[in-house]
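User: Could you walk me through this structure? I am still learning how to read one.
Analyst: Gladly, here is the view to keep beside us.

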Amino acid sequence: GGEAPQPSSSKSKNDATAFDTADDDVESKETTYTSLIQQYLDVMCMDNATFLAERLVAFSQTSHSIYLLALCYYRSGWPKRAQTVLQDCPIVTKTPSMQYLLAKCYYDTNQFGPAEEALLEQCRDDYSMAMSSATTSEGGRSSKAIRGEKPTMHQWILSTTPCPVPNGAVGLELLGKICRKSNRKHLAA
C-alpha cells in the first residue's frame, strides 16, 4: 500500500469555483467602492471619498477608478493632483469624461494650450478621418457640408452630430472659455 494519494476531482472543481468567486469578489468590491465614493461625493465628504478612491485605484486600476480618484482630487480643490493622476493614467484610451476633467484641471491652473489640446485631441483625429472619407457620414456622426467647401475643424465640430468634443455642449463651453482667455475671442463666439 505505498501508493500516493490522488487529488480528487472535486478539489479541482472547488479550485475553479474559488477562482470564479475571486473574479466575482473583485467586481463586487469595485461596485461597493464606487457606490460609497459616489455617496460621499454627493454629500461633500471629500476626505472619505478621496480615501476610498485611493484604495480603489490601489486595488484595481481601471479607467473608471482612475477617473473617480481624479474627480475626488479636483472636487477637493487639488486640480494639479487630479491632473497628475490623469496624465499618468496607464489606460491608453482615456474616456471623454477623463479628457474633459483633464481639460478642466489645465484650465483651472491657467494652462490654456494643454486644456485645448485635451479637448481637441480626439476631435482632430475624427476630423482627419471625416475629411479623408468620401462619404458625409463617419462612424455614426453626420457632418453637414458647408457651402460645398471643406469645412474648417471648428466648423466641422459645430456641425457634427453628436458633438465630438468631450462632454458635448459643456466641453464646447469650456473650449469657448479657453479661446477667450487666450485672446481668440473670434473663435469663442
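User: To start, what do the buried residues of α4 pack against?
Analyst: They pack against α3 (63-75) and α5 (96-108), where buried means under 20% relative accessible area, exposed means over 50% and partly exposed lies in between, with a 1.4 Å probe and protein chains only. This is a predicted model, in which local features need pLDDT of at least 70 and side-chain atom pairs count only at pLDDT 80 or more, while totals for chains, interfaces and linings use all residues. Residues are numbered from 1 along each chain as its sequence is written, and side-chain values use heavy atoms, with hydrogens and water left out.

User: Ok, and which residues of α4 are the buried ones?
Analyst: In helix α4, which covers residues 79-87, they are Pro79, Ala82, Gln83, Val85 and Leu86. Looking down the axis of α4, these buried residues fall within an arc of 160 degrees, so they line one face of the helix; the arc is taken from the directions that run from the helix axis to the C-beta atoms.

User: How many helices and strands are there overall?
Analyst: The protein chain has nine helices and three strands, and these are DSSP runs numbered from the N terminus, with helices being H or I of at least four residues and strands being E of at least two. Along the sequence the pattern reads α-α-α-α-α-α-β-β-α-β-α-α. Of the 189 residues in the protein chain, 33% are buried.

User: Back to α3 and α5, at what angle do they pack?
Analyst: The angle is about 25 degrees and their axes are 10 Å apart, where axes are lines fitted to C-alpha atoms, for helices over the stretch in contact, and angles run from 0 to 180 degrees between N-to-C directions. α3 and α5 are therefore roughly parallel to each other, since angles under 35 degrees count as roughly parallel, over 145 as roughly antiparallel, 65 to 115 as roughly perpendicular and the rest as oblique.

User: And which residues in α3 and α5 meet there?
Analyst: Ser63, Ile66, Tyr67, Ala70, Leu71 and Tyr74 in α3 meet Ser97, Met98, Leu101, Lys104, Cys105 and Asp108 in α5, with contact meaning heavy atoms within 4.5 Å.

User: How do α5 and α6 cross?
Analyst: The axes of α5 and helix α6 (residues 112-132) come within 7 Å and cross at roughly 170 degrees, which makes α5 roughly antiparallel to α6. Among the α5 residues that meet α6 is Gln99, which is buried with a relative accessible area of 11%. Not counting residues up to four places away in sequence, Gln99 touches Lys94, Ala118, Glu121 and Pro166.

User: New topic: how many disulfides does a search of the whole structure find?
Analyst: The search finds zero disulfides, a disulfide being a pair of cysteine sulfur atoms within 2.5 Å. Cys105 is buried, with a relative accessible area of 0%, and Cys179 is buried as well, with a relative accessible area of 2%.
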